[in-house]
Amino acid sequence: MHIQDSHWPSASAVAPAGAVNAAGEPGRGDGPRTAPLRVDAQRNLEHVLRAAREVFGELGYGAPMEDVARRARVGVGTVYRRFPSKEVLVRRIAEEETSRLTDQARSALGQEDEPWSALARFLRTSVASGAGRLLPPQVLKVGVPEDAPQKSDGAAVDEARVPQQRTQPGGELRLVEQRPTPEPDDSGAGTLLEVVGQLVERARAAGELRGDVTVSDVLLVIATAAPSLPDAAQQAAASARLLDILLEGLRSRQA
């Protein structure tokens with residue numbers, strides 16, 4: 001899978017000279033291996049990935065590698081031995097979280113017969129998992145610029161504007177210009193958009209979803225309804241309350 005460089009944080013931080021792989025040989029970190037990881041190396045990898053999810057979820061993809069290492073309780077050199085740049089680590093996390101959201105959307109499609117129930121189930125499950133804070137930025141398209149090009153029928157073409165990732169807890173989201181659509185293979189984004197699109201189309205066809213709601217709007221709800229609060233119980237309660245309000249806003253008035 002390939003992700004456009006403009007979608008991701010700068011990869012200016014690179015692995016220290018002499019970085020080696022888990023087998024003790026010079027390598028590119030997360031590249032192909034000829035031997036399985038040692039037990040301690042596998043444990044360190046799991047700690048780093050868990051810490052990266054937490055740190056990026058709380059602070060956004062702009063958080064430095066040093067914060068990830070500190071949360072994982074390993075040296076920053078250990079992080080770089082597995083991921084030669086922050087961009088590589090960001091891609092790994094985004095791919096995993098995008099895949100998780102896709103699985104949740106498929107599960108909702110398969111387990112709920114009612115279109116609105118399926119969409120609501122997907123949103124509640126995804127918000128509860130916290131995956132929305134780790135979505136690749138390019139899938140969060142929202143809004144149409146005033147100077148957007150027009151289709152032949154006069155409707156505006158949906159151009160992409162995405163919220164920047166938070167740089168600190170509680171930071172406000174700002175809209176920035178972005179590419180119109182993610183590449184189909186970007187971190188599985190194409191598959192995610194397709195599956196969530198099925199949920200959206202079913203709910204719209206049933207008259208239960210507002211006609212102007214897009215797949216991007218649904219994904220934005222997931223990202224918005226996942227606040228980072230220091231107390232887990234407060235965070236869960238706030239997320240649930242916010243999602244109830246957002247779901248009401250998505251629903252057709254005729255439903």
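**Notebook: a look at salt bridges and helices**

I am working on a predicted model, in which local features need pLDDT of at least 70, side-chain atom pairs count only at pLDDT 80 or more, and totals for chains, interfaces and linings use all residues. I number residues from 1 along each chain as its sequence is written, and side-chain values use heavy atoms, with hydrogens and water left out.

**Entry: Arg 70 and its partner**

Which residue forms a salt bridge with Arg 70? I found Asp 67, with the closest N and O atoms 2.8 Å apart. By salt bridge I mean a side-chain nitrogen of Lys or Arg within 4 Å of a carboxyl oxygen of Asp or Glu. Side chains of opposite charge can pair when their charged atoms come close. Asp 67 and Arg 70 are 3 residues apart in helix 2 (residues 65-72), so about one helical turn separates them. I noted Asp 67 as partly exposed, at a relative accessible area of 22%.

**Entry: the whole chain**

I stepped back to the fold. The chain has 8 helices and 2 strands. I take both as DSSP runs numbered from the N terminus: helices are H or I, at least four residues, and strands are E, at least two. Reading from the N terminus, I wrote down α-α-α-α-α-β-β-α-α-α. The chain has 255 residues, and 41% of them are buried. I then looked at contacts (heavy atoms within 4.5 Å). Of those between residues at least 6 apart in sequence, 63% join residues at least 24 apart.

**Entry: helix 5 against helix 6**

I looked up how helix 5 (residues 115-129) sits against helix 6 (residues 189-205). They pack at an angle of about 140°, and their axes are 8 Å apart. Axes are lines fitted to C-alpha atoms, for helices over the stretch in contact, and angles run from 0 to 180 degrees between N-to-C directions. Helix 5 brings Pro 115, Ala 118, Leu 119 and Phe 122 to the contact. Helix 6 meets them with Val 196, Leu 199, Arg 202 and Ala 203.

How many salt bridges does the whole structure hold? The search finds 12. I followed a network of salt bridges that links Arg 53, Arg 92, Glu 96, Glu 97 and Arg 100. In the Arg 92 and Glu 96 pair, the closest N and O atoms are 2.8 Å apart. Both lie in helix 4 (residues 86-111), 4 residues apart, about one turn of the helix. Glu 96 is partly exposed, at 25% relative accessibility.

Is Glu 97 buried or exposed? I found it buried, at 3% relative accessibility. Glu 97 is also in helix 4. Leaving aside residues up to four places away in sequence, Glu 97 touches Arg 53, Ala 131 and Leu 134.

**Entry: a link across the chain**

Last, I checked Asp 244 and Arg 124, whose side chains meet in a salt bridge (3.1 Å, N to O). This pair links distant parts of the chain: Asp 244 is in helix 8 (residues 232-250), Arg 124 is in helix 5, and they are 120 residues apart. Asp 244 is partly exposed at 37% relative accessibility. Arg 124 is partly exposed too, with a relative accessible area of 41%.

Conventions. Buried < 20%, exposed > 50% of the residue type's maximum accessible area, 1.4 Å probe, protein only.
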